Amino acid sequence: MAILRAGPWGNWINLHANPVTDFTTVPLVYPVNCAKNNWPNQNWGALYIKNDYYFEEVSGLASLGEDVSIESDISYISFIFCYQATQGFEINFNWAFTGAGASSNFPSLFWSYQTKNGASDSFFNTPADSGTETIMLPASTFGQVEMYVGADSFGEDVIVTASLS
Amino acid sequence: MSNGDRQHGNRTPHGSRTPQGSRTPHGSRTPQGATPTHGDYDPSRFQPSPMDESNESSLTRQRNRQQFNNYIDSLNDAHSQELENISKALGTSISSSFNRRLRERRDQIEEEIEKKTEDARERLENEQEKTLTEEEKQERERREGNQGIDSTNNGGEEQDETGANTDTTGEKASGGGLPEGFAEETLDVVLSNNTVGQRVFLTKAV
């Protein structure tokens with residue numbers, strides 16, 4: 001059965017928000033995607049937020065396969081998006097830690113999702129220096145997904161690079 | 001491996017900030033025996049001088065119509081005189097063949113009057129068309145357009161920008177029209193296999 005489009009942006013409590021184009025402050029609504037496909041008038045996207053602990057958060061839109069990176073001794077990158085899907089689908093969360101501080105890094109990785117159909121799941125790990133976490137997202141009229149990868153090296157910079165595919 | 005003393009908080013989603021008539025020739029007769037001369041209706045004689053104001057344009061048209069009426073009167077008077085003479089001749093005892101020719105001539109004259117009257121009316125209307133101001137033309141087009149729409153609405157159908165028929169009268173849903181207040185909207189949907197599609201929905205503001 002077909003699902004009527006929500007969005008174009010939204011969040012867990014507001015399924016129909018206007019698209020955000022100004023990222024000078026971090027938005028509180030996120031793109032609503034059709035699984036991993038583009039809408040006729042909106043390409044697939046996820047809000048990214050990167051924080052280096054010492055400065056304000058920086059946000060923007062990331063497409064599938066687009067790398068987002070940040071360099072600091074303490075930093076993180078997160079992705080947030082909403083989705084609709086008539087069938088479950090997989091999405092890959094890719095990450096890598098490089099730079100001088102990588103060897104003394106205390107990394108963390110987290111993801112979670114919840115759907116209006118009652119499904120939810122989450123995961124936390126201290127990841128390797130690079131890898132891919134494949135997340136199976138269930139069919140839903142509306143779901144919200146959040147991913148996070150962080151570095152903490154106590155002095156030497158770590159370059160954190162992350163993407164979705 | 002541990003994360004140390006520092007903790008990284010996870011973001012929690014928050015609420016949104018969220019448009020003529022024909023004239024019957026008439027007039028006084030010319031004195032018997034007088035044969036008025038007249039030519040074809042010549043619109044150039046009634047050509048208005050260029051005017052900018054719509055009132056002046058209207059006056060020009062009125063003047064043209066008056067001149068047209070005068071022309072029809074003179075045309076009719078001339079032929080009436082000839083018909084009268086023919087009738088008198090028919091009343092006298094002359095040969096039947098001559099009578100027949102006279103009747104034929106009478107019929108011919110009547111046809112000629114009718115034809116010339118019609119021609120003159122057409123020319124007058126053409127001249128009036130030329131003297132219409134741009135505003136008057138637009139107003140006329142608007143009226144004619146409204147008449148067209150009225151006629152279309154009588155059928156209960158309009159065309160939207162896509163060319164698809166969109167009934168907005170709401171009178172008869174069973175007749176292919178939309179209920180009152182409803183409209184057709186094309187909306188995005190997620191189809192099977194997570195493909196993106198579009199469907200036309202019947203929507204109404206609530």
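How many residues lie between strand 5 and strand 6 of chain A in the hairpin they form? Hold that thought, everyone, and thanks for coming. What I'm showing is a predicted model, so please keep that in mind as we go.

The answer is six residues, and one residue in that turn, Tyr53(A), has a positive phi of about 75°. If you'd like to find a spot to look at, Tyr48(A) sits opposite Gly60(A) in strand 6 of chain A.

Let's stay with strand 5 of chain A, residues 46-51, for a moment. Strand 8 of chain A, residues 74-85, also pairs with strand 5, again antiparallel and again over five bridges. Here Leu47(A) has Ile80(A) in strand 8 of chain A as its bridge partner.

Now, which residues of strand 5 of chain A are buried on each side? In a regular strand, side chains alternate between the two faces of the sheet. On one side we have Ala46(A), Tyr48(A) and Lys50(A), and on the other Leu47(A), Ile49(A) and Asn51(A), every one of them buried. That makes six of six residues in strand 5 of chain A.

Of its 165 residues, 46% are buried. As for contacts between residues at least 6 apart in sequence, 68% of those in chain A link residues at least 24 apart.

Next, a sheet within chain A. Four strands make up an open, antiparallel sheet in the order 7-14-9-12. Its edges are strand 7 (68-72) and strand 12 (130-137) of chain A, each pairing on one side only. On average, neighbouring strands in this sheet are turned by 15° against each other, direction ignored. Further in, strand 9 (residues 89-98) and strand 14 (residues 158-164) of chain A run antiparallel, joined by six bridges, with Asn94(A) opposite Ser163(A) in strand 14.

Key:
Residues numbered from 1 in each chain as written. Chains lettered and ligands numbered in written order. Predicted model: local features only at pLDDT ≥ 70, side-chain atom pairs only at ≥ 80, totals over all residues. Buried ≥ 20, exposed ≤ 12 C-beta atoms within 10 Å, placed from the backbone. Contact = placed C-beta atoms within 7 Å. Helix = DSSP H or I, 4+ residues; strand = E, 2+ residues; numbered from the N terminus. Pairing = 2+ DSSP bridges. Axes fitted to C-alpha atoms, helices over the stretch in contact; angles between N-to-C directions.
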